[in-house]
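Biologist: Hello! Could we go through this model together, one question at a time?
Modeller: Gladly, here it comes.

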Amino acid sequence: TEQIGDPFIYKGDFIKLRNITVTYDLSSLLTSKQNVIKKLTLSAACRNVLIIYKDLPNLDPEAFASSGDNRVGYEGTSQPTTRNFSFTLNARF
């Protein structure tokens, strides 16, 4: 039999692409006359790239601050998760 709260119960399963990093070696661009820089790499990274699958609509499944404690049936959310980008230039001397 269906209970009154059943439409508001969701599975906690999810698949998430959390991090992706791409690195390119720029050492081939260095001239042989230059002896100061031995190796040069450029990296680009992204965190919280994509949620591939989730049952819970309109929320990130990892954004819950609490669940299953003494407040049975109540889940409070934290701040929304953000997507972060970073770029790194690494030089070895």
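Biologist: To start, over how many bridges do β1 and β2 pair?
Modeller: Please keep in mind that this is a predicted model. Strands of a sheet pair through backbone hydrogen bonds, either parallel or antiparallel. For β1 and β2 the sense is antiparallel, and the number of bridges is eleven.

Biologist: Let's step back to the chain. What pattern does the protein chain follow along the sequence?
Modeller: The secondary structure comes to zero helices and five strands. The pattern is β-β-β-β-β.

Biologist: Is Thr41 buried or exposed?
Modeller: Leaving aside neighbours within four places in sequence, Thr41 is in contact with Thr23, Tyr24, Asp25, Leu26, Thr88, Leu89 and Asn90. Its relative accessible area is 14%. Buried means under 20%, so Thr41 counts as buried.

Biologist: Now for Asn48, what is its phi?
Modeller: Most residues other than glycine have a negative phi. Asn48, which is in strand β2, has a positive phi although it is not a glycine. The value is about 60°.

Biologist: What is the relative accessibility of Asn48?
Modeller: The cut-off for buried is under 20% relative accessible area. Asn48 counts as buried because its relative accessibility is 14%.

Biologist: How many of the residues of the protein chain count as buried, as a percentage?
Modeller: The protein chain exposes about 7,700 Å², and carbon and sulfur atoms supply 56% of that area. Of its 93 residues, the buried share is 15%.

Biologist: Last one: what percentage of the contacts with a separation of 6 or more comes from residues 24 or more positions apart?
Modeller: One residue with contacts across the sequence is Thr41, whose partners include Leu89 and Asn90. For the protein chain, residues 24 or more positions apart account for 62%.

Definitions and conventions. Residues are numbered from 1 along each chain as its sequence is written. This is a predicted model: local features need pLDDT of at least 70, side-chain atom pairs count only at pLDDT 80 or more; totals for chains, interfaces and linings use all residues. Side-chain values use heavy atoms; hydrogens and water are left out. Buried means under 20% relative accessible area, exposed over 50%, partly exposed in between (1.4 Å probe, protein chains only). Contact means heavy atoms within 4.5 Å. Two strands pair if DSSP finds at least two bridges between them. Helices (H or I, at least four residues) and strands (E, at least two) are DSSP runs, numbered from the N terminus. Accessible areas come from the Shrake-Rupley method with a 1.4 Å probe; for residues, only the protein chains shown count as cover.
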